[in-house]
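User: Got a model up on screen. Can you walk me through the ligand sites and the helix packing?

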Amino acid sequence: MVKPIGPICNLDCEYCYYLHKEELYLGNKSWKMSPPTLREYIQQYYDAQPAGVQEVTFAWQGGEPTLLGLEFFRHVVELQQELRPPHVRVVNALQTNGVLLNTDWAQFFREQQFLIGLSIDGPAELHDRYRYDKQGRPTFPAVHRALKLLRDEQVDFNTLVVVNRHNGDHGRKVYTYLRDNGVRFMQFIPIVEQRGIGQHAEGNATADSTTGEKRWDDRVSSRSVRPEQLGWFLIEVFDEWIQRDVGQVFVQLFDQTFGAWLGHEPSLCVFRKQCGRALAMEHNGDVYSCDHFVESEYRLGNIQELPLIEMANSTRQREFGVAKESTLPQYCRDCEVRFVCNGECPKNRFIETPGGEAGLNYLCGGYRMFFNHVRPMMELMVAEHRAGRHVSNVMHRLRGRVVPAAQRSPSADASSVGRNDPCPCGSGRKYKKCCALGRD
Ligand code: SF4
Ligand code: SF4
């Protein structure tokens with residue numbers, strides 16, 4: 001993952017974990033990746049690929065990469081072609097807030113077969129809660145326009161929704177808004193801001209700008225999705241999807257989940273046993289262990305001094321990746337959905353298990369609830385697949401059997417389940433030892 005303009009962005013999203021990375025490069029004169037660094041990176045990235053690889057994917061992120069202008073990316077494509085090993089197909093993925101997109105960008109993306117990730121948190125009333133510009137103005141009109149542009153210009157794109165405290169009770173609403181506007185590929189990423197870590201230090205975290213709400217709960221910011229809220233959000237999306245959209249709409253988490261039920265290890269780093277292959281590179285060629293660990297202690301080196309491949313294969317980086325598995329609490333090792341969850345991302349592992357062991361994922365309750373909820377449907381889908389039929393058959397088999405998500409209001413469930421009651425996720429454990437973990 002490359003940051004060709006570092007953390008520089010034209011928006012000021014309240015939960016952004018990257019804006020404050022400017023502090024790593026105090027006194028920096030230019031955030032734009034220089035032509036020599038760009039060339040060096042592309043060459044080294046090709047050199048670092050396994051022998052015989054047929055497709056190489058470059059991932060451009062920010063900050064906001066479109067601030068570099070179209071000419072920068074035209075030059076990227078030229079360099080990629082100039083340096084490309086024979087028989088290698090190049091794919092570019094670019095994550096954007098969409099605000100600067102116009103027809104020229106869209107045509108370029110289509111012609112060059114870029115895969116675009118568009119950040120959008122749902123319809124206006126949900127999106128505009130945390131995603132605003134430097135003047136504090138809402139961004140939904142521009143982002144909605146970008147969505148329609150990408151769709152109508154037939155650009156390959158997916159949407160990235162940050163599931164937060166504000167949109168977290170509206171999974172179905174977010175999903176149907178995207179689906180009904182022609183989105184076919186979706187990602188849902190939970191936001192967890194641990195107290196005292198990241199952009200919003202405790203000192204300036206007094207009250208929310210619009211609601212006056214306290215910014216910090218015990219352990220997380222008041223923007224962070226609650227574990228159980230995430231569980232219900234994903235269940236609502238899943239229940240809508242499984243009844244009418246299988247084979248038409250692709251949700252990354254559901255693909256990963258289905259793959260795991262088929263016996264494959266998930267490909268997404270957060271659900272893999274180990275991680276460490278998703279390095280992040282800053283505009284000046286500094287390489288870090290992961291996009292979520294762009295901090296001086298996780299800096300592996302600079303591509304002008306050390307080949308990328310050496311950094312990727314270094315002992316430090318291997319240890320970083322192995323730690324995801326070796327630090328997993330026993331509670332996770334014994335978990336019935338470990339094969340698909342694997343303790344999720346280490347950055348979120350800061351609560352204790354019921355037995356008092358440190359290092360349980362803050363979102364555990366939500367993921368456990370979701371994975372247990374989808375189990376019977378996953379088993380049906382696997383049966384269809386193994387019988388040589390399309391998994392979308394599951395929609396016919398389930399007709400009338402799925403309880404519509406709307407009947408299970410998150411607030412009703414949260415208040416009606418006692419801490420010693422059986423957990424509503426169906427795990428068989430007490431609520432307090434299952435989905436209630438991580439709740440405040
Ligand atoms: S720390 Fe988290 S986000 Fe980073 S590579 Fe590991 S699992 Fe992925
Ligand atoms: S659901 Fe919870 S207990 Fe199970 S593997 Fe994930 S984080 Fe661990």
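This is a predicted model: local features need pLDDT of at least 70, side-chain atom pairs count only at pLDDT 80 or more; totals for chains, interfaces and linings use all residues.

User: OK, ligand 1. What surrounds it?

Analyst: Ligand 1 has Cys269, Val270, Cys275, Ala278, Cys290, His292, Lys324, Cys345, Pro346 and Lys347 around it. That shell divides into 7 nonpolar, 1 polar and 2 charged residues.

User: Back to H13. At what angle do H7 and H13 cross?

Analyst: The axes of helix H7 (residues 227-244) and H13 cross at roughly 25 degrees and come within 6 Å. Angles under 35 degrees count as roughly parallel, so H7 is roughly parallel to H13. The crossing of H7 past H13 is right-handed.

User: Which residues of H7 and H13 meet?

Analyst: From H7: Pro227, Glu228, Leu230, Gly231, Leu234, Ile235, Phe238 and Ile242. From H13: Cys364, Gly365, Gly366, Met369, Phe370, His373, Val374 and Met377. By class, this contact of H7 with H13 has 11 nonpolar, 4 polar and 1 charged residues.

User: What about H6 against H7, how do the axes run?

Analyst: Helix H6 (residues 171-180) and H7 have axes that come within 7 Å and cross at roughly 45 degrees. H6 and H7 are therefore oblique to each other. H6 passes H7 in a right-handed crossing. H6 brings Gly171, Arg172, Tyr175 and Thr176 to the contact, and H7 brings Trp232, Phe233, Leu234, Glu236, Val237 and Glu240. The residues of that H6 and H7 contact divide into 5 nonpolar, 2 polar and 3 charged.

User: Switching topic. In what order do the strands of the E7, E8 and E9 sheet run?

Analyst: The order is E7-E8-E9, in an open sheet of 3 strands with antiparallel pairing.

User: Why is one side of E7 and of E9 left without a neighbour?

Analyst: Strand E7 (280-281) and strand E9 (299-302) stand at the edges, each with a single partner strand, so one side of each has no neighbour in the sheet.

User: How many bridges join E7 and E8?

Analyst: E7 pairs with strand E8 (residues 286-288) over 2 bridges, in the antiparallel sense. Met281 has Val287 in E8 as its bridge partner.

Technical notes:
Residues are numbered from 1 along each chain as its sequence is written. Chains are lettered from A and ligands numbered from 1 in the order in which they are written. Axes are lines fitted to C-alpha atoms, for helices over the stretch in contact, and angles run from 0 to 180 degrees between N-to-C directions. Helices (H or I, at least four residues) and strands (E, at least two) are DSSP runs, numbered from the N terminus. Angles under 35 degrees count as roughly parallel, over 145 as roughly antiparallel, 65 to 115 as roughly perpendicular and the rest as oblique. A crossing is left-handed if the near helix is turned anticlockwise from the far one by less than a right angle, and right-handed if clockwise. Two residues are in contact if their C-beta atoms, placed from the backbone, lie within 7 Å. Ala, Val, Leu, Ile, Met, Phe, Trp, Tyr, Cys and Pro count as nonpolar, Asp, Glu, Lys and Arg as charged, and the others, Gly among them, as polar. Two strands pair if DSSP finds at least two bridges between them. A residue is near a molecule or strand if its C-beta atom, placed from the backbone, lies within 6 Å of it.
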